[in-house]
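Please read the points below with the structure open beside them.

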4 protein chains.
Amino acid sequence: MPDQTPDTVTATSPDLTAIVLACTLSPSPSDSSSIKLGTEVLDALHEHGVQGGTVIRVVDHDVRFGVSDDEGDGDEWPGIREQVLAADILVFATPIWMGQPSAVAKMVLERLDNEIAETDDAGRPLLSDKVAVAAIVGNEDGAHHSSAMIFQALNDVGYTIPAQGVTYWVGEAMGSTDYQDLDEVPEKTAQTTATVARHAAHLARALRAMPYPAP
Amino acid sequence: MPDQTPDTVTATSPDLTAIVLACTLSPSPSDSSSIKLGTEVLDALHEHGVQGGTVIRVVDHDVRFGVSDDEGDGDEWPGIREQVLAADILVFATPIWMGQPSAVAKMVLERLDNEIAETDDAGRPLLSDKVAVAAIVGNEDGAHHSSAMIFQALNDVGYTIPAQGVTYWVGEAMGSTDYQDLDEVPEKTAQTTATVARHAAHLARALRAMPYPAP
Amino acid sequence: MPDQTPDTVTATSPDLTAIVLACTLSPSPSDSSSIKLGTEVLDALHEHGVQGGTVIRVVDHDVRFGVSDDEGDGDEWPGIREQVLAADILVFATPIWMGQPSAVAKMVLERLDNEIAETDDAGRPLLSDKVAVAAIVGNEDGAHHSSAMIFQALNDVGYTIPAQGVTYWVGEAMGSTDYQDLDEVPEKTAQTTATVARHAAHLARALRAMPYPAP
Amino acid sequence: MPDQTPDTVTATSPDLTAIVLACTLSPSPSDSSSIKLGTEVLDALHEHGVQGGTVIRVVDHDVRFGVSDDEGDGDEWPGIREQVLAADILVFATPIWMGQPSAVAKMVLERLDNEIAETDDAGRPLLSDKVAVAAIVGNEDGAHHSSAMIFQALNDVGYTIPAQGVTYWVGEAMGSTDYQDLDEVPEKTAQTTATVARHAAHLARALRAMPYPAP
């Protein structure tokens, strides 16, 4: 017996929305490969009916270390958090440093840690029914590990991870080429970005139609 | 615009099914903590309308190392694979050794590696619309890491990971108590097992109603 | 044929020194479990002839995200870096958040990334002959993974890791007790701390006597 | 005060020896990239006075899953273990599958798990004074993570990890080229292999001259 009957999702349903949290170490106006790939995911989501979408370059904001919703004293996480909570799809974009996600990425994950305890009126985590995917770039090596870290942490706090939920590019071992400096998007990365977006949009729509039941 | 309109899921839809792949290092008849926790997830799934469910103790079968569907010469993976492909929900249960998933767990993940290339008539991976969760036990430390490894690998090959998709138990640092030797299931693990099952059953049902679109 | 003959290390050799980089998310004056455990390692090092030793609470300093030696504009990493380069032994202390090392820990690792390219007159990385150990604490789960991340990154930039180079404490699964709130240091953690210090002091002394050869 | 005065290491000291544990999934006579890279490390060790050296293709032997020294009933680990215990340097060679070390690699690590409890007459772990390095190859991505897993596990059981203790090669993201099919060894991998061997031989010699003190 199903827990519930899905509502029909029609063209009159509110649009799905997405947000990109880009975790480059470099503030504006530096070019950023993780912003480039994150934006490519966002563009691909648009082809599946996802509307709008903000790209937030976290390091441009005064986000504090911590695990609370608001560390006070000018902490700019609360403003970002509001946008994260408003979006159906989170595109978590990070560069790879030392084979691992960036420190900014970890800082963002930690700021989301408290969400597991934040519940709606039905007792469900606020992030229920939201979908997260990863966009990962580096000169070389570390994409699988980075996606593992991101999936585990975001899943802990309530995100659902769609099938094949990561797109990435890295160069050959010990290389130094940046994704943003490639002549064109490599075909396999482009295909994967398309798959990730197709799956994320679909899954967000499915969870909109059939939200997780309350405990 | 949605990719598709969900079918109504009714009591007459075919039942959801689950399979537990238990990756203990010890063959029968040894007691196994990972089988115990995997079975608890299965029992909890039954409360959400999931039917049947086999617990496969992988090490009791002659499964070969490799990354193909069939390594030949008596390899018993093909028989297990058939059951995995038939189940809507995979409960991936592993002990922790050295802070990491067991070698048997890694062997099983590698046997699934080829699934990314195996597609249905519509060009979708065979594992599309299937849901995976993890059940992890150890004397001490390693559950988060183990779930990260499992999520990343199973997601790569096509599984969707529901919100809070892992239940686990580990003791205090450098402890030596087994999960199966506890007087009772710790309350937090029991609650988490219930959450994992509720989410997995729901998500599998949602993907049954609204399968991922073809490329 | 040995690359070199070790000098005799005598009581007149300059003393070995250590530094603790403590990567708690909380600035002073909050109590910190990672500072407590890091300090215990330092105390244990003193019993093996290591002198002095500073505990640096990184988050009290204005350290910037980045992978260079000096991010400019008031970046306080260069002052810390000088102390790191002066110490024979690095005690890398981090709390666990979400089963992973803290964002501050990752920020520090990234600031050390450039050291691989910084060489002495003989063409050896500046961190050659230095020894790193880890001190890791959390409410629950994540110590092995955290040590793996720290070992890999510090080894990449030139640190040598002594046998059994990590001490840690974590509580039972999903627990919420802090190390600093335990009535006493658990015996196994205390023993491990002693082992780590014995090994680190010995290895630093051995590398002092027999430095790595130049390329 | 030093714990001990190093003996002079002379040309009359017994030679250092090494062993390669190659963790390819494929039995002989298949070509193996991990055997190729592991052998290259061994060759480089020879240039630093290390003698002999066996390359063991683990999957050619009937090694059982488990965490004891001898799983009985024809288990071939004890014979391999004897060689591991006799060698000063362990070259741990593994392919990458799914961004992670192979299942065979994990099986081998688990077979070493018990070594932490096996002590010599002085109460030191049998693996004390031994040095481990990693040689990692894959079509794409996963080398840093694999070295992290290997370092953490081997360090737990008593191995010391020399500075920059891993050599590796992986291709560009989602590539399918094997290391063994490259026209020549890429220069950066060759340089890294040389560094790893130089450091490993030196550190093993230093620990021969100055063994870790007993507890």
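**Notes on the chains and their contacts**

1. Chain C can be superposed on chain A with an RMSD of 0.0 Å by a turn of 180° and a shift of 0.0 Å along the axis, and that is the relation of a two-fold axis. In chain C, the C-alpha nearest this axis belongs to Ala103(C), at 2.5 Å from it. It should be kept in mind throughout that this is a predicted model.

2. Where chain C meets chain A, the contact draws 20 residues from chain C and 20 residues from chain A. On the side of chain C that touches chain A, the elements giving two or more residues are α3 (103–111) and α4 (143–156) of chain C, and α3(C) gives the most, with six residues. By class, the residues on that side of chain C divide into twelve nonpolar, four polar and four charged.

3. How much of the surface used by chain C in this contact is also used by chain A? As computed, 100% of the interface residues of chain C are also interface residues in chain A, so the copies meet through the same surface.

4. Chain B, too, can be laid on chain A, here by a rotation of 180° with 0.0 Å of shift along its axis, and the RMSD is 0.0 Å. For this pair, 40 residues of chain B are in contact with 40 residues of chain A. Both α4 (143–156) and α5 (187–209) of chain B supply at least two residues each to the side of chain B that touches chain A, with α5(B) giving the most, namely nine residues. That side of chain B has 20 nonpolar, 16 polar and four charged residues. Here again the copies meet through the same surface, because 100% of the interface residues of chain B are also interface residues in chain A.

5. For a reader who wishes to follow the pairing residue by residue, Arg57(C) in β2(C) is the bridge partner of Ala22(C).

6. Which residues of helix α2 (residues 77–86) of chain D are buried? They are Trp77(D), Arg81(D) and Val84(D), and, seen down the axis of α2(D), these buried residues fall within an arc of 60°, so they line one face of the helix. Against that face, the elements that the buried residues of α2(D) pack on are β1 (16–22), β3 (89–97) and α3 (103–111) of chain D. On the other side of α2(D), by contrast, Gly79(D), Glu82(D) and Ala86(D) are exposed.

7. A word on confidence is in order. The predictor gives the complex an ipTM of 0.94 and a pTM of 0.95, while chain A averages a pLDDT of 93, with 94% of the residues scoring at least 70.

Key: Residues numbered from 1 in each chain as written. Chains lettered and ligands numbered in written order. Predicted model: local features only at pLDDT ≥ 70, side-chain atom pairs only at ≥ 80, totals over all residues. Contact = placed C-beta atoms within 7 Å. Helix = DSSP H or I, 4+ residues; strand = E, 2+ residues; numbered from the N terminus. Nonpolar A, V, L, I, M, F, W, Y, C, P; charged D, E, K, R; others polar. Least-squares fit on C-alpha atoms with pLDDT ≥ 70 in both. pLDDT = per-residue confidence, 0-100. Buried ≥ 20, exposed ≤ 12 C-beta atoms within 10 Å, placed from the backbone. Arc of directions from axis to C-beta. Pairing = 2+ DSSP bridges.
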